[in-house]
Amino acid sequence: GHVLDGPYDDSGALWQTGSVDACSGAWSTDQGDYFYVGTRWHPYLVGCFGPANFPQSGEAPLYAQCSANSMAHYVGVSGAN
């Protein structure tokens, strides 16, 4: 399995949408470890079994728009709670 981490990155800032993949996961700085993080958008924790490709790669988005608190709500928003 993979580690579950909180909503803050190593710098103490909240994870941003461009820093996690479709499964709410991220890679360590050395790319040696994959872990899931808590996010401010749905599904908040593990969204699937990752790692997954980043949806920001120019392809069609992988996220359902079924929540008012979806990822799209935070894209381009700095410091949103």
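The structure is a predicted model, in which local features need pLDDT of at least 70 and side-chain atom pairs count only at pLDDT 80 or more, while totals for chains, interfaces and linings use all residues. Residues are numbered from 1 along each chain as its sequence is written, and side-chain values use heavy atoms, with hydrogens and water left out.

**Secondary structure**
- The chain has three strands and zero helices; strands are DSSP runs of E with at least two residues, and helices are runs of H or I with at least four residues, numbered from the N terminus.
- Read from the N terminus, the order of elements is β-β-β.

**Burial, surface and contacts**
- Of the 81 residues in the chain, 31% are buried, that is, under 20% relative accessible area with a 1.4 Å probe and protein chains only.
- Where contacts (heavy atoms within 4.5 Å) join residues at least 6 apart in sequence, 52% link residues at least 24 apart.

**The disulfide**
- One disulfide is found in the whole structure, the term meaning a pair of cysteine sulfur atoms within 2.5 Å.
- The sulfur atoms of C23 and C48, which form this disulfide, are 1.8 Å apart.
- C23 lies in the loop between β1 (3-5) and β2 (25-27) and C48 in the segment after β3 (34-37), so the bond ties together parts 25 residues apart in sequence.
- The S-S torsion of C23 and C48 is about -90 degrees, so the disulfide is left-handed.
- C23 is buried at 0% relative accessible area, whereas C48 is partly exposed at 30%, a class lying between the buried limit of 20% and the exposed limit of 50%.
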